[in-house]
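I opened my notebook to work through this structure one step at a time. I will write down what I looked up, in the order in which I looked.

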Amino acid sequence: MIFLHSRPAKDASTAQIQKEGNMKADLEASLPAGQEDIAIQCRDVCRSYGKLKVLSNLNLTVPQGHIYGLLGPSGCGKTTLLKCIVGTLKISRGHIAVLGKPPAFPGHDVPGKMVGYMPQELALYREFTIGNTLTFFGRIHGLTSKETKTRMDFLIDFLDLPQRDSLVRNLSGGQRRRVSLGAALLQNPQLLILDEPTVGVDPVLRSKIWQHLVQIVKTGKVSVIITTHYIEEARQANVVGLMRNGCLLAEGPPDALMKQHNATTLEHAFLQLCETSDQIVSKRGSSPQGGALENSQSFESGRDESQPILTVGPGAAEEVPKYSADWKVRARHVLPKWRNIAALMIKTMVRMKRMPGSLCFQFLLPVIQVSLICLCIGGDPKGIQVAVVNNDTAPSAYSHLLLSFLDNSSVHQVPLSHTEALDGIYNGEYWGVIGFGKNFTSYLTKRMLQRQVSREVVDGGSVHVWLDLTNCHSVLSSQAFVENKLGSMAYLVALPIKFEEPIYGSQDTDFTTFVTPGAVLSITFYLAVGLTALSFVLERKEGLLDRCWVAGVSSLETMLAHLFSQLFVISVQILLLLLFILLVFKIPNEGSLALVIVLIVLQGITGISFGLVISAAIDDEQNANQAALGIFYPNLILSGIIWPVECIPYPLRYVSLALPQTYASEALRCIMYRGWGLSRMIVWRGFAVTLGWNTFFIILATVILKLRT
Ligand SMILES: Nc1ncnc2c1ncn2[C@@H]1O[C@H](COP(=O)(O)OP(=O)(O)OP(=O)(O)O)[C@@H](O)[C@H]1O
């Protein structure tokens, strides 16, 4: 068995070193013969979080077929070390080999089936049952249903878990931790990495867990590294490592450690080690060269000083082995596994099934939004109050006739005197005042029948309108009146401009028709962003991303699984959306329905992939929400959805054209209203830009997730 007593400084007492030398001799007999006997080997491992140096030149060796108890006070870096060992955290310096190769080395099964990892966080899907949880990890590890069932039965019994159909969210804290332990033990891994598996577990079960660990390592094929706050329970480990301030104070069999420090308990031995290291630190602190030594750096700054002692076992000075993998192995390593993608998709579906209310809401939300747009935007005003000042006294006054052309459902006419009407509009009671002069009828007749009339006649034969332009609407259809009175002679008083039947669209095309295609794309895009923007954020926070990664799920697989599952949701959303806009609101579609559907689906995928970028890059729900919401209005306005892009001033227009929805909205309008197909540049450009953004977002999200996992 190895015994390392890390890094006492040069001036540590000779007696101490002598003592350690003797211990070394005692234990040398059990040293592993070569690399193949070592499950985990950490050499000179350093890791910092920003400026905080958490691991500092740390050396640790877990022999094959042993239980290694990693002990140390809270915050000393145990979890950080385990994360570096499983590969979810990158080390800034040093070397780690797990079962013969560095974690995540191409073709290596760590992360993967060979390792069972129980993180400190719960790292369980709360909407899952115990059965779902174990089945999910079974699928990822490639177990058959029968194998999973056998292991599940054993683990439920062994860990004293409730019924397999109990929901994780309904379990007690201790039960959840036992389910988490069960997930780590499920595939009978060669290496178990357990971060405080016995927290919140009653003493009887704690002892049972330790017995099980002792049992499984007996075959010599399974190795365990376990952290615990209950120092004394680690006496059952074959080797313990005592950690403090980011480095290992000692490593060896518990009995040998206690003997070396004349201690009756491990805790006592640990305290003595701490005292010794503190003395070393304070001596170094008082030396002329010494600085303030309050953390691990104080120990680690003297790396060379510790060399004579560290040479026991594979030391820091030993050469780091070179690893290589041929291109085929590398390619296989990068290629996504459908098994993992399927497992993750089933997981998402099960979670959706457990939240039917939320799923229905997701399906109906786009329909509600587009219905609101069609109902509330672009229509005629209803029930607005307009004051009418009618001084026209002719027997069959045209003013009455003209007023009868007003749509009474839109305009509620209130007859008033001139003063009352103006007072009313100033007080905000009326939207406008319609006024007719005393000789309106005779002047208007003259205007319509005579070639040349005076300004006074024109003025007196005009309807005078005062509007509150803060809320303006055109409600008077004078053209209809003229046509009614003059019939075939109406052309005489028509404006010198004539709008022929439109080439595309119709004379009565309204704002709703313009806005709907863009709005459909925008709604699909943003709901997709909303569906995915938080997915990784929450999973990362709960440790699920890391746990799945250690189980062998790559970033690309995670990304693709999310994409495919959300694709199902947006497909239903799009189907309902199209049914409503085409059949209920009768928005015209002159072009290919297939093109319309494909373009909307592609925009949905752009939304999903953009959501995944947010999710991969941002750790916190609030920030992720802000990012998703923050881009909503700028993108909506700049994409030419509400108002044409041609109205946007340069250079903002260039920004607009670069956005994912600008060309796509234009393409959708061209398909739906002009009946154009892919042969038209405007149409294929919309598709090309959407595909380009999709690819960019998916690659970006995968790279960010990979860098951050
Ligand atoms: N993501 C992080 N960002 C910044 N600092 C971190 C992060 N994770 C851990 N730390 C810091 O690193 C140090 C070591 O943390 P770590 O979780 O490894 O300790 P630990 O020994 O496992 O503690 P415990 O026994 O309480 O779980 C602590 O000071 C902690 O605040």
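I began with the helix α2, and I noted that its buried residues are Lys78, Thr80, Leu81, Leu82, Lys83, Cys84, Ile85 and Val86. I kept in mind that the model is a predicted one. Counting along the helix, I found that eight of the nine residues of α2 are buried, so that I can call it mostly covered, where buried means that 20 or more other C-beta atoms lie within 10 Å of a residue's own.

I then looked just past the end of α2, where Gly87 has a positive phi of about 95 degrees.

Last, I checked the domain assignment, which gives domain 1 as 1–114 + 190–196 + 223–312, domain 2 as 338–375 + 510–708 and domain 3 as 384–493. For the contact between domain 1 and domain 2, I recorded five residues from domain 1 and five residues from domain 2. On the side of domain 1 that touches domain 2, I noted two nonpolar, two polar and one charged residues.

Notes
Residues numbered from 1 in each chain as written. Predicted model: local features only at pLDDT ≥ 70, side-chain atom pairs only at ≥ 80, totals over all residues. Buried ≥ 20, exposed ≤ 12 C-beta atoms within 10 Å, placed from the backbone. Helix = DSSP H or I, 4+ residues; strand = E, 2+ residues; numbered from the N terminus. Domains from an automatic or database assignment. Contact = placed C-beta atoms within 7 Å. Nonpolar A, V, L, I, M, F, W, Y, C, P; charged D, E, K, R; others polar.
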